[in-house]
Amino acid sequence: MIGFLWNIRGLGKLGRIPALVSRIREPHADFVGVSETKKDFFSPGLLRFITGSVPFEWTYLPATGLAGGIIVGANSDIFKLTVCEILKFSVSVMLSDLKTGFSWKLVIIYGSPYEEGKQAFLDELHRVMVKWRGLTLIGGDFNLVRFSSDKSNGVINHKWADAFNEWVNKWALIELDARNRRFTWTNN
């Protein structure tokens with residue numbers, strides 16, 4: 001199974017859609033979660049173009065103005081995608097393997113980049129986790145860091161880092177290691 005999670009920082013920017021297409025088609029991704037799309041609508045034609053001949057089911061959270069936006073999809077030859085919730089900062093879907101029947105939850109998030117939205121974002125993360133006790137993969141852009149070593153300049157807001165760590169610990173989450181880079185983000 002191949003999954004692909006990406007903060008695309010705006011699908012409208014030059015070259016982003018072709019980049020998304022190649023990242024989905026070349027490794028034959030089975031599920032996809034893209035945050036910060038900055039799009040408020042996805043036409044069926046665009047969604048078909050993104051995956052080519054591979055049938056995908058899609059759902060999305062429209063962007064608010066020029067910020068946010070999430071799109072989640074899964075290969076419908078492999079998974080039945082059931083939308084659980086589309087909230088302010090997240091899209092939760094249940095993916096059920098068509099061969100085995102095994103189900104797991106995929107949550108794609110785009111956390112508030114603004115101070116005034118961070119508590120509401122963390123509250124939403126707690127609500128999302130309460131509703132399912134099975135296997136969950138949660139990813140996207142949290143717009144929060146856990147440790148000063150997570151930032152290139154080492155400067156963090158300890159209030160939000162502590163609250164984020166509290167959430168991670170409460171739900172016994174395991175952070176996946178990005179072995180090929182120190183940071184999971186990049187500019188340009």
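Trainee: In the hairpin of strand 6 and strand 7, which residue takes a positive phi?

Mentor: That residue is Gly 101, whose phi is positive and near 85°, in a hairpin that has five residues between its strands. Please keep in mind throughout that this is a predicted model.

Trainee: Which hairpin does strand 5 form, and how many residues lie between its strands?

Mentor: Strand 5 forms a hairpin with strand 6, and three residues lie between them. These two strands run antiparallel and are joined by seven bridges, with strand 5 spanning residues 79-86.

Trainee: How many residues of strand 6 are buried?

Mentor: A residue counts as buried when its relative accessible area is under 20%. In strand 6, which covers residues 90-97, seven of the eight residues are buried, and the strand is therefore mostly covered. Ser 92 has its place in this strand, and with a relative accessible area of 0% Ser 92 is buried.

Trainee: With which residues is Ser 92 in contact, if its neighbours within four places in sequence are left aside?

Mentor: The contacts of Ser 92 include Thr 82, Val 83, Cys 84 and Glu 85, together with Lys 105, Leu 106 and Val 107, and Val 128 is also among them.

Trainee: Turning to the other open sheet, what is the order of its four strands?

Mentor: Here the order is 1-2-4-3, and the pairing is again mixed. Strand 1 (3-7) and strand 3 (56-61) stand at the edges with a single partner strand each, so one side of each has no neighbour in the sheet. On average, neighbouring strands of this sheet are turned by 10° against each other, with direction ignored. Helix 1, residues 16-25, packs on the sheet and touches strand 1, strand 2 and strand 3, while its direction makes about 160° with that of strand 1.

Trainee: How do strand 2 and strand 4 pair?

Mentor: Strand 2, residues 31-35, and strand 4, residues 70-75, pair in the antiparallel sense over five bridges, and Val 32 stands opposite Gly 73 in strand 4.

Trainee: Is Ile 70 buried or exposed?

Mentor: Ile 70, which lies in strand 4, counts as buried at 0% relative accessibility. Although Ile 70 and Ser 35 are 35 residues apart in sequence, their C-alpha atoms are 4.5 Å apart in space. Beyond its neighbours within four places in sequence, Ile 70 is in contact with residues including Val 34, Thr 59, Tyr 60, Phe 89, Ser 90 and Ile 108.

Trainee: Which residues lie nearest the centre of the second largest pocket?

Mentor: In general, empty space can be found by rolling a probe the size of a water molecule over the atoms. The second largest pocket holds about 300 Å³ of space, and of the 17 residues that line this pocket, Thr 64, Ala 67, Gly 68, Lys 88 and Phe 89 lie nearest its centre. Its lining divides into nine nonpolar, six polar and two charged residues.

Conventions. Residues are numbered from 1 along each chain as its sequence is written. This is a predicted model: local features need pLDDT of at least 70, side-chain atom pairs count only at pLDDT 80 or more; totals for chains, interfaces and linings use all residues. Side-chain values use heavy atoms; hydrogens and water are left out. Two strands pair if DSSP finds at least two bridges between them. Axes are lines fitted to C-alpha atoms, for helices over the stretch in contact, and angles run from 0 to 180 degrees between N-to-C directions. Contact means heavy atoms within 4.5 Å. Buried means under 20% relative accessible area, exposed over 50%, partly exposed in between (1.4 Å probe, protein chains only). On a 1 Å grid over the protein atoms alone, a cavity is a set of points where a 1.4 Å probe fits but cannot get out, and a pocket is an open set with protein on both sides within 12 Å along at least five of seven lines; lining residues have an atom within 4 Å of a point. Grid points are joined across faces, edges and corners, and a volume is the space filled by probe spheres set on the points. Ala, Val, Leu, Ile, Met, Phe, Trp, Tyr, Cys and Pro count as nonpolar, Asp, Glu, Lys and Arg as charged, and the others, Gly among them, as polar.
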